[in-house]
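Let's take a walk through this structure together, one region at a time. Keep the sequence and the 3D view at hand as you read.

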Amino acid sequence: MTIATSTSELQPLTVPGEVESVVERWRLVAKALGDAPAISSPGASFTFAQVDAISDAVAAKLLAAAPADGTPVITVLDHGAEGIVGLWSVMKAGRILVALDAHLPVERLRQIVELAGSTVCVTDADHAGLAAELGIPTTLRLDEMAAGVDPADTAACAADRAALAAVPPARLGDPMCIVFTSGSTGKPKGVVTTHGYSLNDAYAGSNVFGIGPDDRVTQVLPLSFAAGFTLMLMALLNGAGIWAYDPRDRGVRGLEPWITGQGLTMLNCTPHLLRSLVGALSPGQTLDTVRLVATVGEAVYWRDYDALRPHLQPGASFFNWTGSSEVGNLSFFEIPDGATVLDGAVPAGRVVANKELRVLKEDGAPVTPGEVGELLVASDYLAGGYWRNPEAEALKFGRDDHGRRFCRPGDMGRVENGVLSFAGRTDAAVKIRGYLVDPSEVEAAILDSDAVSEVAVLAVVRPPASSYLVAYVAADTRYRAESPAMIRRRLRERLPEYMVPSAIVQVASLPRNERGKVDRQALPAAELKSATAPPTTQWEIVLADLWGEVLGLDSVGLDDDFMELGGDSLTAEEMLTLVDDRLGIALVSSDLVEAPTLRQFTQRVTLGSVSLPSHPDVVALRTGGTRTPAFCFVGGGSLALTFGPIARHLGDRPVYSFQAHGLEQRAIPDRSVEAAASRALQLMRVIQPRGPYILIGHSFGGLVALEVARQLEAAGQIVQHVTLLDTYQPKSSQGPLAPHASSQPSAVTALRPAKKTVLRRGVDKVAGAVAGTVRTRLETVLPDGLPELDQLGERVRARLAGVVPFSGQKQFDAFFDHTGLVARKYALRPFTTPTLLVLGDNNPDGPDAWISIAGGSFKIVEIDAEHSSLMREPHAAEVGALILSELGDERQ
């Protein structure tokens, strides 16, 4: 075989062909495209030559550590460039790969490790703790094995390649990796993918998608997901580079800037992610570099394409891509630019090369063209079967009368004019958010409790709406019944999010037919409640988060009823206890009875806020603990409770949070950062008379924290550490509250919620009793001069903060506006206190602006989170861990 030596010499991948293994094809591509970008992710990028050299070096080390007895090697790595290099290292070593998804619950990961029988794990620094929890005998660090590898060191590279010569060449039918999917026995099933299976899937990438060396492919599909792993091979084995981005960690809103900034040409994702991305795009915003979008994993609808079409460049195509772990790629349906938009689901499309689709009647005979039947796929490029599960394999795989292997994927469908359309499943499995879920596995998890007697889990599929699961649970009368909230919370500890039922219905017993089987048709309907208005005020958001924590829900609407969401007396008491512990407001169960919705309960809580700590400027978020207290300072117009989520992650220490003087009880707010810091210091010295002090500030509160540190150090006190959470420097705190002459970007505008109303008619909108006075004394109230008319109301409101009580959210808005004025006047001095700066998205200053004034120990960490979202989960846990690490007590 001739090995290519340049881009022009890279021969297209063909199947069947001379290449018999994925590694062999990789060698040809890497040889031809050495300096071309191969694998990139935020913060890391490797060429084909670099990936080849590093993975060779790591693979050579794996030969001695991982037994060559067919035992799989587990990987627990990130969804990034380094992690993908780790996957190639295992494959090059000739070991069977099992790539774990670190987002899954630990219990499920342990289950996969046990089923795989692995004794060796490859991980990295970020996941070493998780890997240790899995109990694998030998754990190897990828970062340590790859340390010091120099792709330019030809002698070392040749030695690594020589060591790998001991690995027997793989053949088409040899196992390459195992993908674990939902199983009908209550345990995941391991699907064995072979080199031939993977090469044929990669072949479809070139002859269907047209992938080649000029493409830059977006890798958002998880690599433990069969389609995600296939996409990686589709790209790399055809000479294209991949740019990995995990929206679960970095957010959907960061995906478009990643695609546009990196000039990516292909986007392959689930329909669920595509809908989220389209929802995040602005009208008229286009993905200018993308030539092809494809969705996989679940049904996609013509209306999804219709919503995407305005955001595509002329000539771009859309594909529906179908398949399964057992079959691999099955079919593709292209919607070219300009195609007529139809109704319903997009067809599955035409079957890929080297696979034969048969549509069968119940007796095994072929159906008449156009009729619905069970699908059977015959091919030499199917999965190798199920890992150590011959019983399940015999039910799904077999050989026909001609000796050709086939698979029954469990789908029903019809073929008209060569185009496949799905028509449901032969079993109970269903796609939820792109993942195939067997309800029996969810049933097994629910039954893992003495309080449950029997359970039935059904999938509700009503296109074009998203599919969801409903669990019908009958209690064991010998035990106290679990509430739906308790069941949800228990399931979230062991199942992926997409496998937790959206609705849980408690029944006395499951209906059964004359044969004693569960009569699923007789189960009561369980419609999902329509979403109610989301929380908007700070009190509503705080309480919605607390209800969601207790009830095991991601979100709670204003008009949602606590009991209807699955609460009972036990969860009600738990919720009321948390309200008392975290908010300092003592309520009883009758309060919840009289105010059952979030909207009503928020009103009840705010009426009871007189029982907050006696001082109106500081809230004790936590009073117990043995370590040094932490003093927190919130952003402008925010409640001290904003620090509640982060406070829970600050270890065994008291936590106190300061808010603006006059925010909740009428008083003149501080007119300078220095005054705010001085006032806080008076209270701090009562709580903690002497140092060392720990200070944490968010947004404007970061300026206050720095000033508190300055005043403490001037008084001879020790400040152990300061944390600044997305603080803007004074020069950036300009905008509608600054003099009109300023043309600087508006930080205040950037921070303001999108739906805030500006008082565009100036003083006429101010309370009538003071309007005349404001007019006559405008120069006194606005010493910086007259702003534009649409800024006038905000300027006046800022000056009246604490003087005129505003109603509802406008009170917080007034203090927000006030801090904009105060921040702008503050002179930020150089500092030497040990400091951690956590930057969120779109911070106008960036690291360089802070480095120029920081001395001593100064660390900067960037987190992909919106300015205010930084304070809430899941980011709160990450922020808390960062702070504990800086304080040196991260192990508590």
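Leaving aside residues up to four places away in sequence, Ser-638 touches Gln-538, Gln-659 and Leu-663. In this predicted model, Ser-638 sits in the loop between β29 (630-633) and α21 (644-647). Its relative accessibility is 17%, so Ser-638 counts as buried.

Strands of a sheet pair through backbone hydrogen bonds, and the pairing is either parallel or antiparallel. Here seven strands form an open sheet with mixed pairing, in the order β28-β30-β29-β31-β32-β33-β34. The edge strands are β28 and β34 (858-862), each of which pairs on one side only. From one strand to the next, the twist averages 20°.

With β28 (residues 618-622), β30 pairs in the antiparallel sense over four bridges, and Val-619 stands opposite Ser-657 in β30. With β29, the pairing of β30 is parallel, again over four bridges, and there Phe-633 stands opposite Phe-658 in β30. Which way do the residues of β30 point? Val-655 and Ser-657 point one way from the strand, Tyr-656 and Phe-658 point the other way, and all are buried.

Further along the sheet, strand β32 (residues 719-725) and strand β33 (residues 835-839) pair in the parallel sense over four bridges. Val-722 has Thr-835 in β33 as its bridge partner. Helix α30 (residues 875-887) lies across β31 (693-698), β32, β33 and β34, and runs at about 155° to β32.

Some backbone details around these strands deserve a look. Most residues other than glycine have a negative phi, and most peptide bonds are trans. Ser-699, in the loop between β31 and α23 (700-714), has a positive phi, near 55°, and is a residue other than glycine. With a relative accessibility of 9%, Ser-699 counts as buried. Asp-726 is not a glycine either, yet its phi is positive at about 50°. You will find Asp-726 in the loop between β32 and α24 (747-751), and at 0% relative accessibility this residue counts as buried.

Gly-691 is linked to Pro-692 by a cis peptide bond, with omega near 5°; Pro-692 belongs to the loop between α22 (673-687) and β31. Another cis peptide bond joins Val-15 and Pro-16, with omega of about -5°, and Pro-16 is found in the segment before α1.

Which residues of α7 are buried? They are Cys-157, Asp-160 and Leu-164. These residues lie on the same side of α7, because they cover an arc of only 60° around the axis. What covers them includes α1 (22-32), α2 (48-65) and α3 (81-92). On the face of α7 turned away from its buried side are the exposed residues Thr-154, Ala-155 and Ala-162.

Helix α9 (residues 226-236) is mostly covered, with 11 of its 11 residues buried. Among them are Phe-229, Thr-230, Met-232 and Leu-236.

How do two helices meet? Two packed helices are described by the angle between their axes and the distance between the axes. Helix α16 (residues 484-492) and helix α17 (residues 538-551) pack at an angle of about 80°, and their axes are 7 Å apart. That angle makes α16 roughly perpendicular to α17. In this contact, Ala-485, Arg-488 and Arg-489 of α16 meet Glu-549, Val-550 and Leu-551 of α17. The contact residues divide into three nonpolar, no polar and three charged.

Is Arg-490 buried or exposed? With a relative accessible area of 16%, Arg-490 is buried. Not counting residues up to four places away in sequence, Arg-490 touches Ala-445, Ile-446, Asp-448, Ser-449, Val-452 and Glu-482. Ala-445 is 45 residues from Arg-490 along the chain, and the C-alpha atoms of the two are separated by 8.9 Å.

Note on methods: Residues numbered from 1 in each chain as written. Predicted model: local features only at pLDDT ≥ 70, side-chain atom pairs only at ≥ 80, totals over all residues. Heavy atoms only, no water. Axes fitted to C-alpha atoms, helices over the stretch in contact; angles between N-to-C directions. Helix = DSSP H or I, 4+ residues; strand = E, 2+ residues; numbered from the N terminus. Parallel < 35°, antiparallel > 145°, perpendicular 65-115°, else oblique. Contact = heavy atoms within 4.5 Å. Nonpolar A, V, L, I, M, F, W, Y, C, P; charged D, E, K, R; others polar. Buried < 20%, exposed > 50% of the residue type's maximum accessible area, 1.4 Å probe, protein only. Arc of directions from axis to C-beta. Pairing = 2+ DSSP bridges.
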